[in-house]
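Subject: Structure for you to look at

Hello,

Here is the structure I said I would pass on.

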Amino acid sequence: SNPQPEVNHPEVMAQACTYTCTQTREPNCRKDFQGFQKLFHRFLQVKGPSVEWSKINRPPEQSVQPYEKIKAKGLPADISTCLSKLAVVKLNGGLGTSMGCKGPKSLISVRNENTFLDLTVQQIEHLNKTFNTDVPLVLMNSFNTDDDTKKILQKYKHHRVNIHTFNQSRYPRINKESLLPIAKNMAVNGENAEAWYPPGHGDIYSSFSNSGLLDKLITEGKEYIFVSNIDNLGATVDLFILHHLMSQPADKRCEFIMEVTDKTRADVKGGTLIQYDDHLRLLEIAQVPKAHVDEFKSVTKFKIFNTNNLWISLPAIRRLQDKNALDMEIIVNPKTLKGGLNVIQLETAVGAAIKSFSNAMGVNVPRSRFLPVKTSSDLLLVMSNLYSLDAGSLTMSKRREFPTTPHVKLGSSFTKVQEFLSRFDNIPDMLELDHLTVSGDVTFGKNVSLKGTVIIIANHGDRIDIPAGAMLENKIVSGNLRILDH
């Protein structure tokens, strides 16, 4: 639910609109603020929870199909023709601040000095060369990432990838008490930068359309986009899913596929697919009434979650944009800025639009297609010998006997990338690792091997240096470097 303060809605709306209109000069800014006003107006009007819990049902079996069933149809007879109708869109609006980095997250080195963006370009280039096709790469930047990303794109001039960019909208943050924008002017530099935010990846539909790229791709014969987060290294173009989309009769053509995968304990907060009012719908934890949060987190009732790998019809986006028919729930994201000012930012999620598309479905994909790097713990996994790197794609090593990914939890001493890297002489052998917890001031020497369950805890004021060549299997290492069987 959205617990809005008691305010005079028409008066607040008028003030917000007057503010935004008088501050707006450029055409793109005007379009941004039209979108903001629409979202803000809906926020003021909506009362209570966006879903009635009693109306929630599990999706019918045919609505969420196993990947093996899709794969059984085989590859398209003419892969090049199928690929010629596809564009890849990467969500590239995020910064690397949570991992202690400045600038776009996509420019963090994650494997052999390759950044997320490097690996993405390598993947698409390999696809284009292998099948003699021309799949373009489209980056949705934000005002936070656009300049730095465009500078880096110069290095890919001679790669066989056409790269396009467009910008997410820029919306003003709202004072939580007064519900008025806190921005004093349109500038996004200096102290005024905190007054603005990119409004979630659900903004892709309007900003893609406003940029002119949507119509450009349709004119070039593109029919689908494959959308994913740029930090998800498992989100590669899947030819079996593409074939499934292209092989449907025109009148039954699926306009939207959401890749979902089975929940683990690490995914209990992830959005899930439900059946609601005869439509597939994405249910996020923010929409769940407090009394049902534990039920939502249960892996028994809600077994799958959204990977945010999405396949979406371009003509369908055009149709829904023209009809103003895209309906996405508002996510109210509270923030506290420097100085203690409480603000809210109104956002939407790209997957929430699934209910607006015809013949939408989910595909339950292998966990290998969800390999996000949100923390240094994730970074350790993708840098390790658990994965092999080939043409920009990471795949689980064939030498690992178990298909599951180890559970890794690194403490606060490892949060920032530079500090994380300084604590490893090289990345340990993790092929036989099940669980790793590290807390405190810990360093690793060269050629360390970790197997089974390993817990390393340095007490406050103590330091643990795991010596070069050490092999820890089912061990607890405590602050005084006693090594115990686990």
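**The site listed in UniProt**

His201 sits in the loop between strand 9 (196-197) and helix 7 (204-211). Helices (H or I, at least four residues) and strands (E, at least two) are DSSP runs, numbered from the N terminus. The model is predicted, so local features need pLDDT of at least 70 and side-chain atom pairs count only at pLDDT 80 or more, while totals for chains, interfaces and linings use all residues. Residues are numbered from 1 along each chain as its sequence is written, and side-chain values use heavy atoms, with hydrogens and water left out.

UniProt lists His201 under "binding site", in an unreviewed entry; its positions are given in the numbering used here, feature names are shortened, and annotations may be inferred rather than shown by experiment. His201 counts as partly exposed, at 27% relative accessibility. Buried means under 20% relative accessible area, exposed over 50%, and partly exposed in between (1.4 Å probe, protein chains only). Leaving aside neighbours within four places in sequence, the residues in contact with His201 (heavy atoms within 4.5 Å) include Leu91, Met140, Asn229 and Asn308.

**Aromatic pairs**

There are 15 aromatic pairs in the structure. Rings of Phe, Tyr and Trp (its six-membered ring) pair if their centres lie within 6.5 Å; planes under 30 degrees apart count as stacked, over 60 as edge-to-face and the rest as tilted. Tyr67 and Phe240 make an edge-to-face pair, 6.5 Å centre to centre and with 90 degrees between the planes. Tyr67 is in helix 3 (residues 67-71) and Phe240 in helix 9 (residues 239-246), so this pair ties together parts that are 173 residues apart in sequence. Tyr67 and Phe240 are both buried.

The pair of Phe256 and Phe357 is tilted, because the ring centres are 5.1 Å apart and the planes are at 50 degrees. This pair also links distant parts of the chain, 101 residues apart: Phe256 is in strand 11 (residues 256-262), and Phe357 is in the loop between strand 16 (342-347) and strand 17 (361-364). Both Phe256 and Phe357 are buried.

**Salt bridges**

How many salt bridges does the count come to? It comes to 23, where a salt bridge is a side-chain nitrogen of Lys or Arg within 4 Å of a carboxyl oxygen of Asp or Glu.

One of them joins the side chains of Asp146 and Lys150 (3.3 Å, N to O). Asp146 and Lys150 are four residues apart in helix 6 (residues 146-152), so about one helical turn separates them. Asp146 counts as buried at 9% relative accessibility, whereas Lys150 counts as partly exposed at 40%.

Another is between Arg281 and Glu329 (3.1 Å, N to O). Arg281 is buried, with a relative accessible area of 8%, and Glu329 is buried at 9% relative accessibility. Salt bridges with shared partners join Arg281 and Glu329 with Arg42, Asp327 and Lys355 into one network.

Arg281 also lies over the face of Tyr276, at 4.6 Å from the ring centre. A charge sits over a ring if NZ of Lys or CZ of Arg is within 6 Å of the ring centre and within 35 degrees of the ring normal.

Regards
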